[in-house]
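Work through the exercises below with the sequence and the coordinates at hand.

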Amino acid sequence: MSTMDKERFGLNQGRPRPPYQPQDIHCPGCGAGLTVKDEQARMVVCEYCGKHLDVSLEEKTVLGQGPERKWEFPLKIGDSFRYKGARYEIIARQAFIEDNDYTEVTREYLLYNPRRGTLYLSEYGGSYDLAWDTHVMPTTSPFNLSRGSTLETHDGRKWVALESGEYELAFVDGSLPWVAKVGDRSRYVDFADKGGANERFDVQWTANEVEYSSGISLTLEQVRQATSKPELGQGVVRRRSEDVVKTRRWYMILLLFCVAVLAFNGIMALYCMFSGRQVLEQTFTPAQLTEEVLSEPFPVSSDGNVIMVEATAISMTNAWMALDLALVKDAETVVHVFDEDIQYYQGSEGGESWSEGSREVTSYIEVPAAGNYRVLLHAVSAPGETPSATNAQHGVRIRVTDGVRLPHFYVVLTILTIIVFFISLVLYGNWRKQEE
Amino acid sequence: MKVAEISCPSCGATHDVHNPGVITVVCEYCGNAVYWDQEKIRNVGKQSTLPEGFSRLYRGATGTLLNKRFVVLGRVRYSFGRGFWDEWFVEMQDGSIAWLTEDNHEFVLETRETDVQVPSFDSLKASARIVARNIPFFIEEVGQAECIGVEGDLPIPMQVGETYSFADAASPDGRYSLGIEYDEDPPTVFFGHWLKYASITMDDEGEDW
């Protein structure tokens, strides 16, 4: 490469930068001189007569007259805004309303720097957001998402929907790189970073265009510093907005806690069910049960142990059984008397089978002292339509397990947790449907 | 090293051509464009003057692009009806050339892609999917482009009024772009990646704003 070629690429060897010179135009409506700062401007609102002008062609034309209603903006056209060391200037202002409610106003400022492009500063209820266009797209449809819904974008970020709705443009002034018409509507969904970072992702769409933007929330103090207006926002009551990400996180924590408790209870209940050692399994005939019968002896290993006595009526269908039981120590001393009613019915109706009751009952008994025990049994049973009986018509199988743990505590806790879980789920569903 | 010196057939001003790929020169004094090659010079008339000062780039500017020195040789401006975009032709210090597309002050560094099958223009619609370099792209915009201004040195014959159909696509992660120009058969495809502000450093960033 020759020396001359090296010089062509040397530092500051290029041509001096041509000066930035905004375009001067005349309003075709009133003839006033206007300055257009953005080369890309397509629409200008005459600051003198309020006419909306199309400035995209050499010949400027009047699009229409702006609305009579004037809107208050805390910042003016031409005000500076500093961001990342660069000065931007407000070149347009827009006011959007929702649901025809003129108290629900979002004010948006278009910030312009000829070397860096445009930013959007929006204010709602005293809270400020700064946004810029992005090319990052969501992985799934962002439309029709309600508050609290999550969205992932193709850059791997995860977002939580803050709110959605439909804006209507109520006022515009300054110059814009697009043609805005009062009454234009666009739907939107605003998202916040799921992890709680101070970042935003917004989707806006009209009938034929979808736009995505990224941004950040700004504190009033940051906006005051950026605009060099320390008095900005003074006397304005700032609307407290709900921290949707935090609320959603609390709901998620509550629901996950319920699920964890349910899982723990389930495990503990299973542990209880399968704890202990089977010490007796014996079957008794109807004849034995009609009389009185003692089971084989079985050991209870420790003082205060809980034993589980399971009684199953054998082959009993559409019948009932009244079963009297007693726990007898050393075949002599009755330490506990209890009884059980067993009923089991089944049939079919309209082609569908049904059943009611159970052939099996379970009792838990706390045994005060270790030793050898037996179960004393007596039973009567009869078909369902028979009101009383004097003898047993069905056999019974008895199973005794020593050293079991009572699952009652976990069962009660499970029921309470399920109630809390469903209440939380309903509240969360209602919260998602509500707009702030 | 200059590869040629030509005189403007309209005003007589001389122009040094440094890059051998340049075939169009727009006279910076009278705005007249000439197509130039080894054989002949063809005068194609006066071109629209493009306003300057609204971009980080400008004809004759020097700077650093992705840590390589460059100089801006020329620019083509296209209208798509609802606005316009600029395509800046730059020469790197190693002699290679590149196009920087500027749309709403965002820059895309583009290189020509020869290995992509793209659908015909008539079958294109917004959100259609195209794959290039194993990256999925989705069509964002389809339209007609019209050249509304040229300046400086260019590697293509170009003058105001030329039109072609185009489609712009973007990768969903926001990192890459795909520009399809239906100016010949098969269409010309450009693979691009969006540049961050810090990827370009201009020697003269301008203090006038």
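**Exercise 1: the largest cavity**

Sorted by class, the residues that line the largest cavity comprise 4 nonpolar, 4 polar and 5 charged ones. The model is a predicted one.

Task: state how much space the largest cavity holds, which residues lie closest to its centre, and which strand gives the largest share of its lining.

Solution. Begin with the search of the whole structure, which finds 2 cavities of 30 Å³ or more. The largest cavity holds about 90 Å³ of space, and of the 13 residues that line this cavity, A:Glu39, A:Gln40, B:Phe54, B:Asp86 and B:Glu102 are the closest to its centre. Turning to secondary structure, the largest share of the lining, 3 residues, is given by strand β8 (residues 84-92) of chain B.

**Exercise 2: the second largest cavity**

Task: list the residues that line the second largest cavity and divide them by class.

Solution. The space in the second largest cavity amounts to about 50 Å³. Its lining is made up of A:Glu39 together with B:Pro51, B:Glu52, B:Gly53, B:Phe54, B:Ser55, B:Leu57, B:Tyr58, B:Arg75, B:Arg77 and B:Trp88. Divided by class, these residues give 5 nonpolar, 2 polar and 4 charged.

**Exercise 3: the second largest pocket**

Task: describe the second largest pocket by its volume, by the residues nearest its centre and by the class of its lining.

Solution. The volume comes to about 1,300 Å³. The lining has 40 residues, and those nearest the centre of the pocket are A:Trp132, A:Asp133, B:Glu106, B:Lys196 and B:Tyr197. Two or more lining residues are given by each of β9 (117-124), β10 (127-133), β14 (199-205) and β15 (210-218) of chain A, and likewise by β10 (106-113) and β15 (188-194) of chain B. By class, the lining of this pocket contains 15 nonpolar, 12 polar and 13 charged residues.

**Exercise 4: the two domains of chain B**

Solution. To the contact, domain 1 of chain B brings 10 residues and domain 2 of chain B brings 16 residues. The two domains of chain B bury about 990 Å² between them, with 51% of that area on carbon and sulfur atoms. Finally, the count of salt bridges between domain 1 and domain 2 of chain B is 0.

Note on methods:
Residues numbered from 1 in each chain as written. Chains lettered and ligands numbered in written order. Predicted model: local features only at pLDDT ≥ 70, side-chain atom pairs only at ≥ 80, totals over all residues. Heavy atoms only, no water. 1 Å grid on protein atoms, 1.4 Å probe; cavity = no way out; pocket = protein on both sides within 12 Å on 5 of 7 lines; lining within 4 Å. Points joined across faces, edges and corners; volume = space filled by probe spheres on them. Helix = DSSP H or I, 4+ residues; strand = E, 2+ residues; numbered from the N terminus. Nonpolar A, V, L, I, M, F, W, Y, C, P; charged D, E, K, R; others polar. Contact = heavy atoms within 4.5 Å. Buried area = accessible area lost by both parts, 1.4 Å probe. Salt bridge = Lys/Arg side-chain N within 4 Å of Asp/Glu carboxyl O.
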